[in-house]
Amino acid sequence: MVAPNPLRRGLVEDRPSDSCAVVIFGASGDLTRRKLMPALYNLAWGHSLPGGFAAIGVARREKDDASFRREMKEAVSSFSRRKPVDPAVWSDFEKGISYVRGAGSDRATYESLKEHLERVDAERGTGKNRLFYLAVPPSEFGPIVEGLRASRLVTPAAQEKQGGPWTRVVFEKPFGHDLSSARSLNDAVAAAFDEGQVFRIDHYLGKETVQNLLVFRFANSLFEPVWGREHVDHVQITVAEDLGVEGRGKFYEQTGVTRDIVENHLMQLLCLTAMEPPISLSADAVRDEKVKVLRSLRPIERSEVPKEVVRGQYVRGVLHGEEVAGYRQEPDVSADSRIETYVAMRVFIDNWRWSSVPFYVRAGKRMARRVTEIAVVFREAPHTLFRARGGGTTPNVLSLRIQPDEGIALRFISKEPGQQTILRDVAMDFRYGATFGSNTPEAYERLLLDAMRGEATLFTRRDEVEEQWAYIDRVLRSWASDEGTPPHAYAAGSWGPEQADDLLVRDGRRWRKP
Amino acid sequence: MTATPSLVLARVDEELRALWTAPSTAGEPPKSRACTMNLVVVGAGPDFATQCIPVIDRVVAHVPARAILVGLDPDGPDDLEASVAAVCAPEPGGAPSVCSERVTLVARGALCTRLWSCVDAICATDVPMTLVWLARVHSDDLAFIPLARGASRIVLDSALSSIASLSRVVRYTRAISERERPGLGDLAWTRLASWQELCARMFDPPRLRPLIQHVNRIRIVQAAPDDVLGPEAALLLGWMATRLGWKTASLAGNLRLVRPDGGYVQIQLRPQLQAGGTGGRGRERLIGIEIAASSGELTMQGEIASDHSAEADAATWRVQVSEGGEAQRLEQHTYLRGVEPAQVLERTLHRPPHDDALADAVLWADELRGEELAYT
């Protein structure tokens, strides 16, 4: 076991990982261009990469190191939050960038990669530590994992514990297509990697505002006492996008919004909102509490699905003043597609804290605006002393805005100045951008760095993924058996189908317009 | 007739409130106020407050605050001057501007000793106060001590004052109960953060980690007209020594450091005259460090060399490792992020307030005064 570096003790800035090589499978893809390489560059700019570092792209297309570097420089110029590209930082950074041509299913790829990595270790001082990043469709996860294992590119976790080099693997979502495929994939991964070497990304967890949820809940004494059934009437979680499928019709036809958003991002937001305080911030302590929430979700029986879940599909409409096409008019989408682009659900968490408090969650494409928000709606005052014009008073709402305009707002009632008692809703509004500036690290910067450091708190564990799928699978199976009922239509640019409103109206509530 | 301090402060208070009650002129985007702290910046001379406006305005664009900039003129007639302004960061697309507040004060004569009372009267309530004291500190300073009592954090710049000043503040804060103890920052220490990181990086590879217990030579290059060990170099040495458990020992008149295993670490200082100004970083700016370590056949020579001009922020980091006739060399170019004063202060404000490594390094460095180093 190698002792920790004593010079790192107490350093408060710039905490890089061990020297390592990051190997990106899917190096020609959009994720590499838009997110991964800009994130690595930003880490280099901020001194957060280790002294010995290399980024190796693996993809099918024929290209040499020089052309891959050129492509990546263009990508960084376009998508990095730090513009323009700093010539000195780039000059060093690009020395570590190289390319290996190959397919995930081709055994020869791994032989080439192995030789290449040995060269890189010698030239760049990467110390045989490898982070494999699978920025590829889920169908390629299995062959790549097997290829890495069979080529002995995976150092056993036990060796790392004894001070040897480490190997880690990062999977992009979606991790599986349903519970059964997620389990099979997990089994395949477990045959090659120890769970401690596996990092399943849900990039929402890398967002500053999502991380702040834990801080907000557990570092402030004000909110936790009212965070439960005695004071909370209901919770609304919205993940709305104004974009359509943006050329990913083929992908969307196989997934739909439930698999794309609800099974991962939305479930994670729900867990962070509902979980009990963890005993520490260690990866397993936090993930244990999230799993408890997932296990407490009241299963939606097949017969209950039509009542508790509303699915929709956008049709032609007007968004931001412009006419936009319906889902079925998108490229690579079937003209009679029944894939849902919107879903709303009423979810119950059967535990002590949340018993009988409904969580209304919704996610959709082509909605009126892009917004992700968690709104905790409190119970009304038990007795109304004040008669408000036009009806009763409105409940207090604490809204945690995840994106955009990240922040926290508390709505409460105030008296309007004047002789009469006129009540008015006002908001105490805290905006991150206003208080801390807007140049915060991208989610992928944090997540890549955490993976390089071996910090897994912001990644999902095997049991989490499987519990998420177990809950969603019932809904998906119900839909699959009910092929006669199409999703409800909603106009692009609206807040979803009317039937989703009914989900709340019958409980005497309504959706917020965040 | 000059207004009394209380009238001046009443006017400041009124003007601060007026900033946020006055309607915006037609067409002007609305403004909103943000405030996370009172940032009280104090320096010597009647012009100090005005001179530091550009730096502080840049800082509060990222750390919203009520900035109170104070120039001290103890030799002038008793008087207090003040002015108030909103500092608004323009938002893209005409979005509402988010503004901080800036109050500039010039305290003259006896007002310097009553400064704490003036500042107290105009601090924003319910947010902490950070005192940035950009002057020397003496243990009986009548302006510093009362202000420091109200601060949740005290920030100095030892490169502009001295290690002795910083050491006095460390001792002052350590005498306060842990619960009430203000945080402590040093702009020179923040400037050293990249140096520290780059030094630590030399020993990150597991193969080289054992060498950290076998450092045998450190060579410091500093921009200095004479042979005095500057605050930055002293702090860096203090940091390494306290992290690695080195003790001081003189040998034949020269300072040496003794490792926990009894081995010596030879310290060499090389002053290098620099053309041009100091870049606001004091005269004895750190410009390079070399670290050598060896154990058996394995040797490591690390070097960090900053570009020579005072305004340059770039450095080259090199490590050469050899073992059994095989050599490996790594080189990187990097930024030290220590030139831009606003950036350095902003980073300091973002650091955790309590930093034991700083306090340990300062007290260790303070003991070095009067010791002689080997010069090369």
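In the predicted model described here, helix α8 of chain B, which spans residues 193-202, is mostly covered, since ten of its ten residues are buried. The buried residues of α8(B) include B:Trp195, B:Leu198, B:Cys199 and B:Met202, and they also include B:Glu197 and B:Arg201.

A covered element of another kind is found in strand β3 of chain B, residues 65-73, where eight of the nine residues are buried. Strand β2 of chain B, residues 37-44, pairs with β3(B) in the parallel sense over eight bridges, and within this pairing B:Leu39 stands opposite B:Ala67 of β3(B). Strand β3(B) is also joined by eight bridges to strand β5 of chain B, residues 97-108, and these two strands again run parallel; here B:Gly71 stands opposite B:Val106 of β5(B).

Turning to chain A as a whole, its secondary structure comes to 15 helices and 18 strands, and buried residues make up 44% of its 514 residues. The C-alpha trace of chain A spans about 80 × 55 × 45 Å along its principal axes. Because a compact globule of 514 residues would have a radius of gyration near 24 Å, the value of 24 Å found for chain A agrees with that expectation. Among the contacts in chain A between residues at least 6 apart in sequence, 78% join residues that are at least 24 apart. The domain assignment divides chain A into domain 1, covering 6-172, and domain 2, covering 208-441 together with 461-505, and the C-alpha centres of these two domains of chain A lie 35 Å apart.

Chain A contains an open sheet of seven strands with mixed pairing, in which the strands follow the order β3-β2-β1-β4-β5-β6-β17. The edge strands of this sheet are β3 (97-101) and β17 (459-460) of chain A, each of which pairs on one side only. Within the sheet, strand β1 (residues 20-25) and strand β4 (residues 130-134) of chain A run parallel and are joined by five bridges, and the bridge partner of A:Ile24 in β4(A) is A:Tyr133. Helix α1 of chain A, residues 30-45, lies across β1, β2 and β4 of chain A and runs at about 175° to β1(A).

Several loops of chain A hold individual residues that can be described in more detail. A:Asp64 has its place in the loop between β2 (53-59) and α2 (65-79) of chain A, and this residue is classed as exposed because 11 other C-beta atoms lie within 10 Å, where 12 or fewer is the limit for that class. Although A:Asp64 and A:Tyr99 are 35 residues apart along the chain, their C-alpha atoms are separated by 6.4 Å.

Most residues other than glycine have a negative phi, and most peptide bonds are trans. Against this background, A:Lys128 has a phi near 65°, which is a positive value in a residue other than glycine, and A:Lys128 lies in the loop between α4 (107-124) and β4 of chain A. With 18 other C-beta atoms within 10 Å, A:Lys128 is partly exposed. A:Arg152, which is likewise not a glycine, has a positive phi of about 60° and lies in the loop between α5 (141-150) and α6 (157-161) of chain A. A:Arg152 is exposed, with 9 other C-beta atoms within 10 Å.

Cis peptide bonds are also present in chain A. One joins A:Lys173 and A:Pro174, with omega about 0°, and A:Pro174 is placed in the loop between β5 (167-171) and α7 (179-192) of chain A. The peptide bond from A:Gln403 to A:Pro404 is cis as well, with omega near -20°, and A:Pro404 is placed in the loop between β14 (397-403) and β15 (407-415) of chain A.

Finally, the contact between the two chains takes 27 residues from chain A and 32 residues from chain B. On the side of chain A that touches chain B, α3 (87-95) and α12 (432-436) of chain A each supply at least two residues, and α3(A) gives the most, with three residues. The residues on this side of chain A divide into nine nonpolar, twelve polar and six charged.

Technical notes
Residues are numbered from 1 along each chain as its sequence is written. Chains are lettered from A and ligands numbered from 1 in the order in which they are written. This is a predicted model: local features need pLDDT of at least 70, side-chain atom pairs count only at pLDDT 80 or more; totals for chains, interfaces and linings use all residues. Two residues are in contact if their C-beta atoms, placed from the backbone, lie within 7 Å. Helices (H or I, at least four residues) and strands (E, at least two) are DSSP runs, numbered from the N terminus. Ala, Val, Leu, Ile, Met, Phe, Trp, Tyr, Cys and Pro count as nonpolar, Asp, Glu, Lys and Arg as charged, and the others, Gly among them, as polar. Domain bounds come from an automatic or database domain assignment. A residue is buried if 20 or more other C-beta atoms lie within 10 Å of its own, exposed if 12 or fewer, and partly exposed in between; C-beta atoms are placed from the backbone. Two strands pair if DSSP finds at least two bridges between them. The radius of gyration is taken over C-alpha atoms; the globule rule is 2.2 Å times the number of residues to the power 0.38. Axes are lines fitted to C-alpha atoms, for helices over the stretch in contact, and angles run from 0 to 180 degrees between N-to-C directions.
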